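I am opening this notebook to keep a record of what I looked up, entry by entry. The sequence and structure go in before my first entry.

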Amino acid sequence: MKKEEHFNQILSENSDRIQRICRYYNSNTEDQKDMYQEVLVNIWKSLDNFRGDSAISTWVYRVAVNTSLSFTGKTYKQMKLIVSTDTQNLSSILDDEGLEDKQKEESQFNLLQSELNMLSVIDKALISLMLEGLSMKDIADVIGISEPNVKVKIHRIKAQLKTKLTGGVTYEL
């Protein structure tokens, strides 16, 4: 398969994923578009180096996350992770059982958004990939750390978030 055909196939299969990653890392629509274009350029440039050690979708996530992180440049610390109430796997971060009404849910969501933005860059990347529904193994491949390390980090992040969202009351996960 020619490089151009391969690229177009990757794009048709992964365009939505790439756009979601860009939305996670930037709230400005124009910046999202620029970031998306930069991801495509980086996929094109590094396509010849893809060896097939991981699934193509995992590789695309890696390129998208790394591009998004470098796109934000020196503003890593201020980088926001943008989630919305319709974000796919939001319930994977928190158990929604305790939310009785919409208003409480809204305030919990706003607090969650705030807490997510206080996470370190690597933790934001881990959470964004978890929200995408990636397996622990795939997250490990994208981020470049071991699978057990991913599990421990995500467990700690979730525990930390639950503690903050329950006003300091801790309970078993």
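Which helices do the buried residues of α2 pack against? I looked this up in what is a predicted model, and found that the buried residues of α2 pack against α1 (3-25) and α3 (56-71).

I then went through α2 itself, which runs over residues 29-46 and has 18 residues. From its first C-alpha to its last, α2 reaches 26 Å, which is close to the 26 Å expected at 1.5 Å a residue. The residues I noted as buried in α2 are Gln32, Met35, Tyr36, Val39, Leu40, Ile43 and Ser46. Looking down the axis of α2, I found these buried residues within an arc of 145°, so they line one face of the helix. This recalls a general point, that an α-helix has 3.6 residues a turn, so residues three or four places apart point the same way.

At the N-terminal end of α2 I checked for a cap, and found that Asn28 provides one, with a side-chain oxygen 2.8 Å from the backbone nitrogen of Glu30.

My next entry concerns Glu115, which lies in helix α4 (residues 102-116). Is Glu115 buried or exposed? Glu115 has a relative accessible area of 11%, and because the cut-off for buried is under 20%, Glu115 counts as buried. Leaving aside residues up to four places away in sequence, I noted that Glu115 touches Leu161 and Lys164.

Last, I looked up Asn149, found in helix α7 (residues 147-165), and noted that Asn149 counts as partly exposed, at 31% relative accessibility. Asn149 and Met136 are 13 residues apart in sequence, and their C-alpha atoms are 9.4 Å apart in space.

Methods. Residues are numbered from 1 along each chain as its sequence is written. This is a predicted model: local features need pLDDT of at least 70, side-chain atom pairs count only at pLDDT 80 or more; totals for chains, interfaces and linings use all residues. Side-chain values use heavy atoms; hydrogens and water are left out. Helices (H or I, at least four residues) and strands (E, at least two) are DSSP runs, numbered from the N terminus. Buried means under 20% relative accessible area, exposed over 50%, partly exposed in between (1.4 Å probe, protein chains only). Contact means heavy atoms within 4.5 Å. The expected span of a helix is 1.5 Å times one less than its number of residues. The arc is that of the directions from the helix axis to the C-beta atoms. A polar contact is a pair of N or O atoms within 3.5 Å; within protein, one must be able to donate a hydrogen and the other to accept it, and residues adjacent in sequence count only if both atoms are side-chain atoms.
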